[in-house]
Amino acid sequence: MDLPRPKLFDFHGVSMITYFTDNWEAIQNFQARPDDILIATYPKAGTTWVSYILELLYFGQTSPERQTTMPIYERVPFLELTFPNMDSGTDLADQLPTTPRLIKTHYPVQFVPKSFWEQNCRMIYVGRNAKDNLVSYFHFERMNFSQPEPGDWNSYLQRFMEGKMVFGSWYDHVNGWWKKKQTYSNLHYMFYEDLAEDTGREIDKLCSFLGLSPSAEEKTRVMSGVTFDNMKNNAMTNYSTDPSMDFKISSFMRKGKVGDWKNHFTVAQNEEFDEDYKSKMKDQTLQFRTEI
Ligand code: A3P
């Protein structure tokens, strides 16, 4: 990659980089369709995992060729992505031949184009506990040259607490979407930790939200396709085809664990983080698990 790493700047009160703001007009005017399904997450919360679950549920049987020829990021376009010499997320979404369209976004809830709300689209939000989310993001930024330079672990941790991350504050993101759930009924809010604990149970909940009733055989097939090892070994889901990533530094499918933060936080960092967390996470109805 010969492009310099992008710099963060303030965009409508949220830290962003130009790759996710340059196409703002087209994104805001994007025409959602009533059957579109929006998968929304803070980066590194399990977007690819849930995207692939949905992809297999909807198209695993009807379009098997997609499974071996199209990387997941083409099957589930990233709405706000605009990268030099690549189709934008909105263009990719408009070109999708299949229905429903599965579309991914990392936008905080207030940035979602209005047509998604007007069309009453189904939305799936995946949250992941702050500590593991942060660790995953740190390693991702180390290996992905289209992200800002992460710097060292301690300064990264401080920046996370300040919300100076691409797509802004984790705290605002998870809370903003949680609050939306109180008024928008077509939003299914789920957690990475629950998915790790019992993938079958979470797939059942997703199916019930989506009105799907896969056979036992289909469900088994989906569950087997979406294990960490199978996704890590699958070139169409492991991002090995993405030229902006250097897998010698870290893998996209890195560890896939709940609790890896324990291998990164010092005792002092953990205490400082917990203290700060309490002051920011006032809504007691939103609870994350840092271990299972
Ligand atoms: P780690 O870096 O902790 O391993 P996203 O898709 O939102 O970018 O999230 C990536 C994170 O989800 C990575 O976390 C990745 O390993 C994890 N992940 C992806 N697929 C997974 C799976 N099938 N099981 C468990 N974790 C998975």
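Two strands count as paired if DSSP finds at least two bridges between them. In this predicted model, strand E3 (residues 37-41) and strand E4 meet that condition with four bridges, in the parallel sense. Within this part of the structure, Ala40 stands opposite Thr105 in E4. Strand E5 (residues 122-127) and E6 are also paired in the parallel sense, over five bridges, and Met123 lies opposite Leu187 in E6.

Together, four strands make an open sheet with parallel pairing, in the order E4-E3-E5-E6. E4 and E6 (187-191) are the edge strands; each has a single partner strand, so one side of each lacks a neighbour in the sheet. On average, neighbouring strands are turned by 20 degrees against each other, direction ignored. Helix H9 (residues 170-183) packs on this sheet and touches E3, E5 and E6, and its direction makes about 135 degrees with that of E6.

Ile39 is, with Leu38 and Ile53, among the residues with the most contacts inside the largest nonpolar core, which has 68 residues. Helix H2 gives the most to this core, seven residues.

The ligand is surrounded by 21 residues, the closest being Thr47, Thr48, Ser136, Arg254 and Gly256. Helices H2 (47-59), H7 (130-143) and H13 (228-232) each give two or more residues to this shell. By type, the shell divides into eight nonpolar, eight polar and five charged residues.

Notes
Residues numbered from 1 in each chain as written. Predicted model: local features only at pLDDT ≥ 70, side-chain atom pairs only at ≥ 80, totals over all residues. Near = placed C-beta within 6 Å. Nonpolar A, V, L, I, M, F, W, Y, C, P; charged D, E, K, R; others polar. Core = buried A, V, L, I, M, F, W, Y, C linked by C-beta atoms within 7 Å. Buried ≥ 20, exposed ≤ 12 C-beta atoms within 10 Å, placed from the backbone. Axes fitted to C-alpha atoms, helices over the stretch in contact; angles between N-to-C directions. Contact = placed C-beta atoms within 7 Å.
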